[in-house]
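Please open the model in your viewer and keep the selection panel at hand.

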Amino acid sequence: MLLLKNATAVQFEPAFIKEGVDIAIDGSTIKEVGANLSMKYPDAIVKEMHGKLVMPGLVCSHNHFYSGLARGVMADIKPSPDFISILKNLWWRMDRALDEEAVYYSGLICSLEAIKSGCTSVIDHHASPNYIGGSLSTLRKGFIKAGLRGMTCFETTDRNGGMKEMMAGVEENIAFAQLIDRAKEEGTEPYLVEAHIGAHAPFTVTNDGLAMMAEAVQATGRGIHVHVAEDRYDVTHSHHHYGQDIVERLDSFGLINEKTLLAHGLFLSDRDIDILNAKDGFLVHNARSNMNNNVGYNNKLTRFKNVALGTDGIGADMLEELKFSFFKHRDAGGPLWPDSFMKNLWNGNEILARNFGAKFGRLEAGNKADLTILDYTSPTPFVADNLAGHVAFGMNAGNVNSVMVEGRFVYEDRAFPFDIAPIYAEASKVAERLWKTMDQLD
C-alpha cells in the first residue's frame, strides 16, 4: 500500500479543496481519503506531499498521436487557404507517410508529453493509410511503455482506396478491440488501453462504410469516435449526397449511443444535437485546433448535454486547452464562466468510466488511482468556490510535479522512471525521414 501524506486534495466535480489530507492507495485504486491515515496503515509506503495539490488526473478526450512528429515540419506544403486544402496538403500526406516505426515513436513521444503536461489519460484517433493492420497495437505499445491510460481507434475512410480501404480500417478496429479483450482475460499486461470504432468524418465514409462500422459496434460492444461538422463542407456533403443531417445519418445506422464521441461539431443542426443528447453521447470541443484551422466557433456549446475537451493533436496540455476554450468562448460573446469549462475537462473521466467499467475522477474510495500532483502556491485565497478561477487564470503545465496512473508513478518529482533522451533523439531521426517521405508523395 502507498500513502500520499499531507496533500492538498483538489477535485473538479464536485469542486472541493481540503488541506492536510492523506490518500491511501491499494494497488490500482484509492482505498481511503482522510486525515492521519499513517496510523491506520502503519505498513504503507509513505510519500510526503508537503501540501502539494493532489487531484484526479486530467483527460484529453480527442487527440491525434499520429501528428506527434509534425512539430516544425519542413516538408513542401502547398498554400492551403481553406480547411480541406489543409487536410489534403498537410495531414493527409503526413498520415500516408507513416510506417510502423514512425507510428511507434510518434505515439510514444505524445504519451510522454501528455504525462509531463499532467494528463493521466488520452483518447486518441489514429490514421496511417499505408500501415493499417497492426497500427493500433503499435500505438498501444507506446501507451504502455510510457504508462499512460488511453483509448485509440483507426479512422475508417475511403479517401485513398475506396471500399478496400474502408474495410481495412473497420477490420483493424475490430482486431484491436479483440486484442484488448484477450489481454483483459489473460491479465498479463496492465489494462491501460481501450478501443473505439473510428472513422475520419462522414464525408469520407459511404453508407456501406457506416454499415460495416455498425456491425463492428455490435460485434465489439464499443462506441464510435469520429469528426463531425468540423467544417461546413461536412454538412453540405451530407445534405447533397444523403439528404440527411450528419448525426441523423449516423443514428440511422445505430451508431449514436452513450459511448459515442463526436469531435468538433461546429455546425450541427439543433435536430442533430437533440439526437446526440437523447442518446447520451459526447461532443468533444477542440478550441485551439478550430482557431488554428480557421473553421469557426461552436456557438451552440450550451445546447449539448455532454461536452468534453480535446486538443485535436495540438499536444495534450489540458490546462492550456481549458484556458483557450474559455477565452475563445468569451471572445465569441458566450455566457459561460470557467466553472463550466472545468466541468467539461472533468467529463473526460465519465468517458473513461463508460469504457473501462471503473470509477474515475473523484478522490474517493474505489476510484482509480489516476492522479495529477502539482506545485501551486496561490497569492490569493484558494477555496472550492474560486477553484475554477485558479484553473483558468493560474495553474499551468509548469506546475505539474508528478503523475500517477493505475496506482503507479509514471512521472515523479518531474522525472520519468527511465531515460527519455534516447527516445527523443531517435524520434528526431524518424521525423526527418518522415518529412522526406512526405515530399515524395503526390
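Buried area is the accessible area (1.4 Å probe) that two parts lose on being put together, summed over both. The model is predicted, so that local features need pLDDT of at least 70 and side-chain atom pairs count only at pLDDT 80 or more, while totals for chains, interfaces and linings use all residues. Residues are numbered from 1 along each chain as its sequence is written, and side-chain values use heavy atoms, with hydrogens and water left out.

**The two domains**

Select residues 2-57 together with 361-411 as domain 1, then residues 58-356 as domain 2; these bounds come from an automatic or database domain assignment. The domain centres, taken over C-alpha atoms, lie 29 Å apart.

**The interface**

Next, display the boundary between the domains. About 2300 Å² is buried between domain 1 and domain 2, and carbon and sulfur atoms give 69% of this area. Select Phe12, Gly57 and Ala392: within domain 1 these residues lose the most area to domain 2, together 22% of what that side buries. By contact (heavy atoms within 4.5 Å), 30 residues of domain 1 meet 26 residues of domain 2.

Two salt bridges are counted between the domains, a salt bridge being a side-chain nitrogen of Lys or Arg within 4 Å of a carboxyl oxygen of Asp or Glu. Select glutamate 406 and arginine 149, which form a salt bridge with their closest N and O atoms 2.4 Å apart.

Which elements give two or more residues to the side of domain 1 that touches domain 2? They are strands S5 (53-56), S15 (371-374), S16 (400-405) and S17 (408-411), and helix H13 (387-393). Helices (H or I, at least four residues) and strands (E, at least two) are DSSP runs, numbered from the N terminus. Highlight H13, which gives the most to this side, with six residues.

Select leucine 3 to find alanine 24 of S2 opposite. A hairpin through two residues joins S1 to S2.

Continue to S3 (residues 29-34), which runs antiparallel to S2 and is joined to S2 by five bridges. Here aspartate 26 has threonine 29 in S3 as its bridge partner. Finally, select glycine 27: this residue lies in the turn of the S2-S3 hairpin, which has two residues between the strands, and has a positive phi of about 65 degrees.

Note on methods: Two strands pair if DSSP finds at least two bridges between them.
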